[in-house]
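The entries follow in the order in which I made them.

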Amino acid sequence: MLGRMYDSQLCSIARTLEVVGERWTLLIIRDAQLGLRRFEEFQDSLGIARNVLTNRLSKLVDDGLLERVCYQERPARYEYRPTEKTRDLLAAILGLMHWGDEHAADPAGPPRIASHVGCGGDVRERLVCTRCEQTVGADAVDLLPGPALTDAPA
C-alpha cells in the first residue's frame with residue numbers, strides 16, 4: 001500500500017490506489033473474478049506467502065471487495081466471494097489487461113481474451129459520453145474540476 005501520503009490530495013485515483021494499489025491486490029481480484037474462492041486456490045495461483053495472502057484477503061474483506069463466507073464448520077473454512085464493488089472494477093481490470101496486451105505483450109499473444117457470453121464476440125472497455133452516448137477517444141476528454149474541487153474552501 002502507498003501509505004497515507006495522499007491525504008492532502010483531492011484525487012479519486014489516489015484514494016482508489018489506497019484500496020487496490022498494493023502489488024497483489026489486483027491479482028487477487030482478478031482471480032476472484034475468474035472464479036477462485038478458497039485460500040489455497042489463491043495461494044496456488046499466485047505463489048504468494050501465506051501471511052501476505054491472509055493480510056490482503058482481510059483488507060479486501062474490510063474494504064468490501066470480497067465477502068468471507070463459511071463453507072465448512074469443523075474445522076471452520078472460508079471462501080472469498082467477489083462483491084458488487086469487485087464487479088464494478090471489471091472495466092478497469094479489462095482496461096489494464098488490454099493495455100498490457102498492447103504495450104507489454106507476450107510474444108505468444110494475450111493470455112486471456114474477454115468474450116461476450118451472449119454471442120462470443122470480444123469485449124472491450126470504451127469511453128462513452130453520458131449525454132450523447134457517443135464513443136469518444138482519449139483526445140476528446142477534458143478532465144475538469146469536479147464538485148470536490150470547486151466547492152472546496154479556499
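**Pockets and cysteines**

I sorted the lining of the second largest pocket by class and found nine nonpolar, three polar and two charged residues. I note that the model is predicted.

I then looked up the extent of this second largest pocket, which holds about 300 Å³ of space. Its lining has 14 residues, and nearest its centre I found Ala-91, Ala-92, Ile-93, Gly-95 and Leu-96. Helix 1 (12–20) and helix 6 are the elements that each give two or more residues to this lining. Helix 6 gives the most, with five residues.

I listed 24 lining residues, of which Arg-30, Ile-93, Leu-94, Met-97 and Arg-112 are the closest to the centre. At least two lining residues come from each of helix 2 (25–33) and helix 6 (90–103). The largest share is that of helix 6, at seven residues. By class, I recorded 16 nonpolar, four polar and four charged residues in the lining of the largest pocket.

Last, I searched for disulfides and found zero. For Cys-129, the nearest cysteine sulfur belongs to Cys-132, 3.7 Å away. A disulfide requires the two sulfur atoms to be within 2.5 Å, so Cys-129 is in no disulfide. Cys-132 is likewise in no disulfide, with the sulfur of Cys-129 as its nearest. I also checked accessibility: Cys-129 counts as partly exposed because its relative accessibility is 28%. Cys-132, at 47% relative accessibility, counts as partly exposed.

Key. Residues are numbered from 1 along each chain as its sequence is written. This is a predicted model: local features need pLDDT of at least 70, side-chain atom pairs count only at pLDDT 80 or more; totals for chains, interfaces and linings use all residues. Side-chain values use heavy atoms; hydrogens and water are left out. Buried means under 20% relative accessible area, exposed over 50%, partly exposed in between (1.4 Å probe, protein chains only). On a 1 Å grid over the protein atoms alone, a cavity is a set of points where a 1.4 Å probe fits but cannot get out, and a pocket is an open set with protein on both sides within 12 Å along at least five of seven lines; lining residues have an atom within 4 Å of a point. Helices (H or I, at least four residues) and strands (E, at least two) are DSSP runs, numbered from the N terminus. Ala, Val, Leu, Ile, Met, Phe, Trp, Tyr, Cys and Pro count as nonpolar, Asp, Glu, Lys and Arg as charged, and the others, Gly among them, as polar. Grid points are joined across faces, edges and corners, and a volume is the space filled by probe spheres set on the points.
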